Structures are given as structure tokens and as C-alpha cells.
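Dear colleague,

Please find below the structure that I am handing over to you, with its sequence. My findings follow directly after it.

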Amino acid sequence: MFSSWLVRNALAHGCSPLAFSGVLWPGVRIWATDVDCGMKPSLLERLTSDDFPNVAVTARRFLTALNCVSNAEIGHGNVRWILSLGSRNRRHRCGLQYCPSCFEEGIPYFRYRWRFAWHTGCLRHGNCLLSRCMQCHTPIQPQLLKPPAIDCSVCHACGENLGSGLHNRVCLPGALQLQSVADHEMNFGSAAFAAGEWFEYAYLLLGVLRYAMRSQSGPTLRMLSSLGVEIEPHHQICSGLPLELLEVSERMQLLALLAPLVAHPPVVVVQAITEYKLPISVFGTHVSKTFIGTVARSLISATTVRAHKQYTFSKSRLPADRFVVEREWLRLQRKIFAYGHL
Ligand SMILES: [Zn+2]
Ligand SMILES: [Zn+2]
């Protein structure tokens with residue numbers, strides 16, 4: 001990750017990342033922005049010289065990967081599938097993810113894959129990623145490290161060694177499985193989906209899972225059950241935050257449930273949504289975002305709009321009596337007349 005490269009180089013030169021970036025880009029507060037996602041191309045040009053081989057190329061490669069998974073404009077608000085930092089000046093509310101065992105084994109640095117919201121475990125070691133120091137619970141923010149720290153392997157707040165395997169927890173197999181599928185889709189794509197479509201499709205299905213957890217709606221639970229996904233009472237996301245702001249454990253739970261769902265061909269999921277007459281609201285607020293994919297569109301088209309509206313009208317908006325309507329109309333006219341002469 002580009003930000004990790006900056007931090008490691010700063011510490012290797014015996015200075016803080018703030019001082020290091022101040023020399024590279026005088027007067028620019030790069031640590032108040034998302035360095036990996038929102039760095040301006042003009043600033044990256046500073047690193048294209050022979051003194052920094054491949055650094056700018058690597059940073060741009062990451063931006064290309066981001067464009068594949070999200071059609072939102074990078075650097076403007078929450079970007080779908082990219083973990084948010086929750087920046088406030090140089091501090092972050094959400095920590096960077098890391099694998100303690102990877103840190104322990106070799107040179108500690110933050111992999112760019114750890115910024116993806118579908119990464120919740122380490123495929124190499126099988127354990128959960130962490131985004132907080134297990135000693136003081138502060139979100140991991142390597143940009144705040146200072147000498148005498150010599151690399152990214154310590155907590156900036158309490159100095160705890162992050163590479164300790166004491167806090168390793170096993171990642172849910174379903175979450176690791178989903179992670180492999182998503183990585184493959186990003187790197188190679190598949191015959192069933194055009195570039196980026198899979199991520200759009202999977203994001204909508206995540207919306208269905210969260211709707212089922214939140215509402216415990218019978219038809220939605222039965223539809224998921226028919227596709228091999230059982231929502232248990234302990235499957236709860238306490239906050240209503242978007243995926244990109246959730247803690248690792250919450251995302252791991254969601255993604256483990258998503259794995260069997262995306263394993264079905266889209267046409268099977270579309271049929272199930274039609275069969276159980278699910279309303280469009282099962283997708284949550286994600287429907288309002290722009291869509292590019294035909295697969296996502298077919299998923300939305302499968303919902304039953306009529307059934308949803310019938311329920312609303314029959315319960316709360318019964319047709320009013322003619323007498324009531326005439327009385328309200330006269331009252332409204334009186335109000336308009338009164339205010340019209342004020
Ligand atoms: Zn690892
Ligand atoms: Zn700490």
C-alpha cells in the first residue's frame with residue numbers, strides 16, 4: 001500500500017511520516033486525506049523519477065483496482081467495497097487492517113488488499129485480520145508513528161507489538177471462501193459477469209442479508225433458506241453503518257453468509273426473489289445508487305412492487321369518505337384564502 005511505503009520510508013530515515021511527506025510535498029497536508037484512494041495524480045508525479053522506482057506505478061495500479069470494484073467517484077465520500085478511514089484531520093476513526101502472523105513472519109507492511117471490505121481474514125494463515133491494537137483498542141493508524149519506532153509493527157498509541165500471535169482468532173471459513181471468490185473476480189473476472197458487475201451484484205445481496213437480519217421478515221428468511229442461507233438470531237449487525245465502516249467481526253459474519261448466496265448462478269437467485277415475492281426494499285438504500293450491470297438490473301426487476309404497495313395502502317391509506325374529502329377541501333380553501341390576504 002502506498003501509505004505504508006511512505007510510513008516505512010519515513011521511519012527508516014529516522015523521521016515521522018509528517019516530516020517525510022513535508023519534504024516530498026511542501027505545504028500539502030496529505031495525511032489529512034486518504035493517501036491511497038484520493039492522492040492527486042499531480043502529486044504522484046513527484047515520485048516518477050528514478051529515485052522512486054515503481055512507487056507511482058503501484059499507487060496507480062491500486063486506483064485501477066478501485067475503479068473495477070466501485071463505480072463511484074474515488075475520493076468523494078464513502079466508496080463501495082473500500083474500507084473507510086473515518087478521517088478527522090490526521091487521525092482516523094477506523095483502523096487499517098493487518099494480519100499479526102504476516103507481521104511476525106517478515107517485513108511488516110500493510111498490503112493494499114487489506115483496504116478491501118471483503119478482506120476479513122488472512123488466506124495464508126487462516127486467522128482474522130485485526131484493525132485495533134489488542135492492548136489499548138486504539139484503531140491502527142501507522143501514519144501517527146514516530147521514531148524511535150523503526151517500522152509499522154508497533155501500535156502508535158501504546159507501543160504494543162502488533163506482530164504478536166497471542167490474539168489470533170480463526171476466521172470463518174465462509175468469509176475466507178467469499179474472499180477468494182471476490183479476489184478472483186477482481187483479478188480475472190468471469191464469464192458470467194462483466195468487469196465490476198459481480199461487485200455490484202454481491203453488494204445488493206448483502207443488502208438482502210442485512211434486511212433479513214434487521215426485519216426478520218418471513219418471506220425473506222424463507223427465500224434465503226431455500227438458497228442454503230440460514231439467518232440465526234445471533235446474526236445481528238448492531239449499528240446501521242455501511243459495510244465500509246463496520247468492524248472486522250461484523251463484516252466477517254456478513255460475508256460468511258454471502259458466500260453460499262453468490263455461489264448460486266444469478267438466475268437462481270432471481271427466480272427465488274420472484275417466487276417469494278420480495279419487495280424492492282430488501283436491497284436497502286443501495287438501489288438508489290447508479291447501476292451499470294445487467295445482472296444487478298435483473299435482480300431488481302425480479303422484485304414485486306405491487307405486493308409491497310398493496311400492503312401499504314390496505315393498512316394505512318384507505319380511501320376516505322366523500323364527506324370527509326369535501327370537508328378537508330373546504331378547510332384547505334379557507335387556509336389558502338386567509339394566508340393569501342395576510
Ligand atoms: Zn497472515
Ligand atoms: Zn496500543
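H137 lies in the loop between α6 and α7. Please note that this is a predicted model. The phi angle of H137 is near 65 degrees, a positive value in a residue that is not glycine. Is H137 buried or exposed? H137 counts as exposed, because it has 11 C-beta neighbours inside 10 Å and the limit for an exposed residue is 12 or fewer.

The loop between α6 (100–105) and α7 (173–187) is also the place of P148. A cis peptide bond, with omega about 20 degrees, joins P147 and P148. For context, most residues other than glycine have a negative phi, and most peptide bonds are trans.

K277 is not a glycine either, yet its phi is positive, at about 55 degrees. K277 is found in the loop between α11 (266–275) and α12. With 14 C-beta neighbours inside 10 Å, K277 therefore counts as partly exposed.

Finally, I turn to a pair of helices. How do the axes of α8 and α12 cross? The axes of α8 (residues 197–215) and α12 (residues 294–301) come within 8 Å and cross at roughly 25 degrees. Angles under 35 degrees count as roughly parallel, so α8 and α12 are roughly parallel to each other. On the side of α8, the contact is made by E197, E200, Y201 and L204, and on the side of α12 by V295, A296 and L299. Of the residues in this contact, five are nonpolar, two are charged and none is polar.

Yours sincerely,
A colleague

Definitions and conventions: Residues are numbered from 1 along each chain as its sequence is written. Chains are lettered from A and ligands numbered from 1 in the order in which they are written. This is a predicted model: local features need pLDDT of at least 70, side-chain atom pairs count only at pLDDT 80 or more; totals for chains, interfaces and linings use all residues. Axes are lines fitted to C-alpha atoms, for helices over the stretch in contact, and angles run from 0 to 180 degrees between N-to-C directions. Helices (H or I, at least four residues) and strands (E, at least two) are DSSP runs, numbered from the N terminus. Angles under 35 degrees count as roughly parallel, over 145 as roughly antiparallel, 65 to 115 as roughly perpendicular and the rest as oblique. Two residues are in contact if their C-beta atoms, placed from the backbone, lie within 7 Å. Ala, Val, Leu, Ile, Met, Phe, Trp, Tyr, Cys and Pro count as nonpolar, Asp, Glu, Lys and Arg as charged, and the others, Gly among them, as polar. A residue is buried if 20 or more other C-beta atoms lie within 10 Å of its own, exposed if 12 or fewer, and partly exposed in between; C-beta atoms are placed from the backbone.
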